[in-house]
Amino acid sequence: ERMAIIESTSEGKPFVDFEVEGKKLSDYVGKGQVVLVDFWASWCGPCRAEIPNIKKVYEQYKGQGLVVVGVPTSDRPEDTLKAVEEDSIPFPQLMGSERQAIGARTYGVRGIPHLVLFGADGTILARGIRGEAVATAVAEALK
């Protein structure tokens, strides 16, 4: 089953929607903008270490058609909100009122942080990018 999920959400495939308490991934993806989705958690050291890089890319490209959305994974909402405040995360979080993993399950994410880049038409352009690869992939997607 996991292999089928990975295949259906691999690069070049159309995005697969999911919903968290009335908020959907499709509220952002497939709307004519490039979207970077960050699957993360407040308790995850590598996730928190990646946040400054994501913020830098967001600030650099937000006026050129980039949207960034966080998807907290297996995290308590109050801990997510505290991390958002502590790290001054400027982009929205697709989260509910309880711990959740629906987004991570939908995309077969087994380890976080896990970033997925979607093209303006909703096609998955890249998965598992981090560090400098994020800026490179975003710049390419916005060309």
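**An enclosed cavity and a disulfide**

The largest cavity has a volume of about 30 Å³. The structure is a predicted model, in which local features need pLDDT of at least 70 and side-chain atom pairs count only at pLDDT 80 or more, while totals for chains, interfaces and linings use all residues. Residues are numbered from 1 along each chain as its sequence is written, and side-chain values use heavy atoms, with hydrogens and water left out.

A cavity here is a set of points, on a 1 Å grid over the protein atoms alone, where a 1.4 Å probe fits but cannot get out; its volume is the space filled by probe spheres set on the points, which are joined across faces, edges and corners. One cavity of 30 Å³ or more is counted. The largest cavity is lined (an atom within 4 Å of a point) by Pro72, Asp75, Arg76, Pro77, Thr80, Met95, Gly96, Glu98 and Gln100. This lining has three nonpolar, three polar and three charged residues, with Gly counted as polar.

Thr80 belongs to helix H3, residues 77-86 (a DSSP run of H or I, at least four residues, numbered from the N terminus). With a relative accessible area of 0%, Thr80 is buried (under 20%). Beyond its neighbours within four places in sequence, Thr80 is in contact (heavy atoms within 4.5 Å) with Trp40, Ser42, Pro72, Asp75 and Met95.

Turning to the cysteines, the whole structure holds one disulfide (a pair of cysteine sulfur atoms within 2.5 Å). It joins cysteine 44 and cysteine 47, whose sulfur atoms are 2.5 Å apart. Because the torsion about their S-S bond is about 75 degrees, the disulfide is right-handed. Both cysteine 44 and cysteine 47 are buried.

Key. 1 Å grid on protein atoms, 1.4 Å probe; cavity = no way out; pocket = protein on both sides within 12 Å on 5 of 7 lines; lining within 4 Å. Helix = DSSP H or I, 4+ residues; strand = E, 2+ residues; numbered from the N terminus. Buried < 20%, exposed > 50% of the residue type's maximum accessible area, 1.4 Å probe, protein only.
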